[in-house]
Amino acid sequence: MSGIPLGVLDLVPVPSGSTAAEALHHSIDLARQTEAFGYTRYWFAEHHLNPGVAGTSPAVVLALTASATTTIRIGSGAVQLGHRTALSTVEEFGLIDALHPGRLDLGLGRSAGRPQPRSGEPAAPGTPVVDGYTPNGLRIPPRFSFEHLLRHPRIALQQRLLNLPGAQPQDYAEQVDDVLALLRGDYRSPEGLEAHAVPGEGADVQVWILGSSGGVSAETAGRNGLRFAANYHVSPASVLEAAEGYRAAFKPSAELDRPYVTVSADVVVAEDDATARELATGYAPWVRSIRTAEGAIPFPTPDEARALPWTEADRELVADRVDTQFVGSARTVADHLERLQEATGADELLITTITHGHADRVRSYRLLAEEWQRR
């Protein structure tokens, strides 16, 4: 399994009692250390109005991280196109690529609150699921509905603050087409006018699409022959559908002659299973804060997490995420990751780990890398 590369997805989590500035310093340190551990990519997510997550601008954090690392690929997981234009995205990443050529991944995603219809029925997963498990034992939980989040006033506020007043949201697939045209240098407006992004045009970046289902994101990635990231850590119920939808839509391009998929997973590794479970205690209330639309809380200590009120409704709200977080010793977690890779056919895996203590987080990545390289 060491032939399957591991990457890092970092939300820049803010632990309780800490600050956003400290979280950013810790993330840059983690990028340096995971580079030494042998991870191949380091991606930053984009989130807004979350007290416990400081990753609001992937491009800004990437520029800082690029100067602190030398070989690991760095990228966005993902730039939310609903919050910016194709031109601003290409120009921002063009600036970074101009100083750090050949290391940049431009991951593109859709912002929350912008549901778009699919062009057809979701692809039936090639891997069967019986009683919530694939034949090799990977957990595929019941589907979680995000409709209540999309209707929440906080999400509407986020859209109002992030979007230009009066601007009509552009179709996501069209935005991706514009990004690709600007990177190639052949952009033309509907009126036939040229536009050239400098820097940006000709930038040596890998373009990825991130998606949680077999819908518009998977279809857009496949149609354009781009790399695709399927989000098991966000929407584990639909990861098989997402991967299969992408593969079904894939058309060879100048970039790729076959589909290429990475799959994300939430992971906590420690010296033994019991220690790992203790470190992961804060995960359930942290997910609850996201699922209730209050915004991610600062990640609590185990004692703080145990002191928070908890109901059966809370448990049901986060069950799919908690049941699919891989927690344990390096051997235990690596076994889970092997099942994930086999069930999805992933070419790479993308690891996201959140603990309250920075040293515990670094150790988790180190122990996993050591075990993965032994396989």
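This note goes through the predicted model point by point, from overall form to local detail.

1. **Basis.** The model is predicted: local features need pLDDT of at least 70, side-chain atom pairs count only at pLDDT 80 or more, and totals for chains, interfaces and linings use all residues. Residues are numbered from 1 along each chain as its sequence is written, and side-chain values use heavy atoms, with hydrogens and water left out.

2. **Overall form.** The chain holds 14 helices and 10 strands. These are DSSP runs, numbered from the N terminus: helices are H or I with at least four residues, strands are E with at least two. The radius of gyration is 20 Å, close to the 21 Å from the globule rule for 375 residues, so the chain is as compact as a globular protein of that length. That radius is taken over C-alpha atoms, and the rule is 2.2 Å times the number of residues to the power 0.38. Along the principal axes, the C-alpha atoms fill a box of roughly 60 × 45 × 45 Å.

3. Of the 375 residues, 56% are buried. Buried means under 20% relative accessible area, exposed over 50%, and partly exposed in between (1.4 Å probe, protein chains only). Among contacts with a separation of 6 or more, 77% link residues 24 or more positions apart. A contact means heavy atoms within 4.5 Å.

4. **Surface and charge.** The accessible surface of the chain is about 15,700 Å², and 55% of that belongs to carbon and sulfur atoms. Areas come from the Shrake-Rupley method with a 1.4 Å probe; for residues, only the protein chains shown count as cover. The chain has 33 positive and 47 negative charges, with mean positions 2 Å apart. Lys and Arg count as positive, Asp and Glu as negative; His and the chain ends are not counted. Charges are placed at NZ of Lys, CZ of Arg, CG of Asp or CD of Glu.

5. **Nonpolar cores.** The largest core has 98 residues, and Leu108, Leu337 and Leu349 touch the most other members. Helix 6 gives the largest share of this core, seven residues. A second, separate core of six residues includes Val268, Ala270, Leu279 and Val327. A nonpolar core is a set of buried Ala, Val, Leu, Ile, Met, Phe, Trp, Tyr and Cys residues joined through side-chain atoms within 4.5 Å. Beyond its neighbours within four places in sequence, Leu349 contacts residues including Ile4, Leu6, Val263, Leu337 and Trp372.

6. **Helix 12.** This helix spans residues 312-323, and its buried residues include Asp314, Asp320 and Arg321 as well as Leu317 and Val318. The buried residues of helix 12 pack against strand 8 (261-270) and helix 10 (283-291).

7. **Cis peptides.** Gly77 and Ala78 are joined by a cis bond with omega about 15°. Ala78 sits in the loop between strand 3 (73-76) and strand 4 (79-80). Val198 and Pro199 are also joined by a cis bond, with omega about -5°. Pro199 sits in the loop between helix 6 (172-184) and strand 6 (205-211).

8. **Positive phi.** Val12 is not a glycine, yet its phi is about 55°. Val12 lies in the loop between strand 1 (6-10) and helix 1 (20-37). Val12 is buried, at 0% relative accessible area. Leu49 has a positive phi near 55°. Its place is the loop between strand 2 (41-44) and helix 2 (58-68). Leu49 is partly exposed, at 43%.
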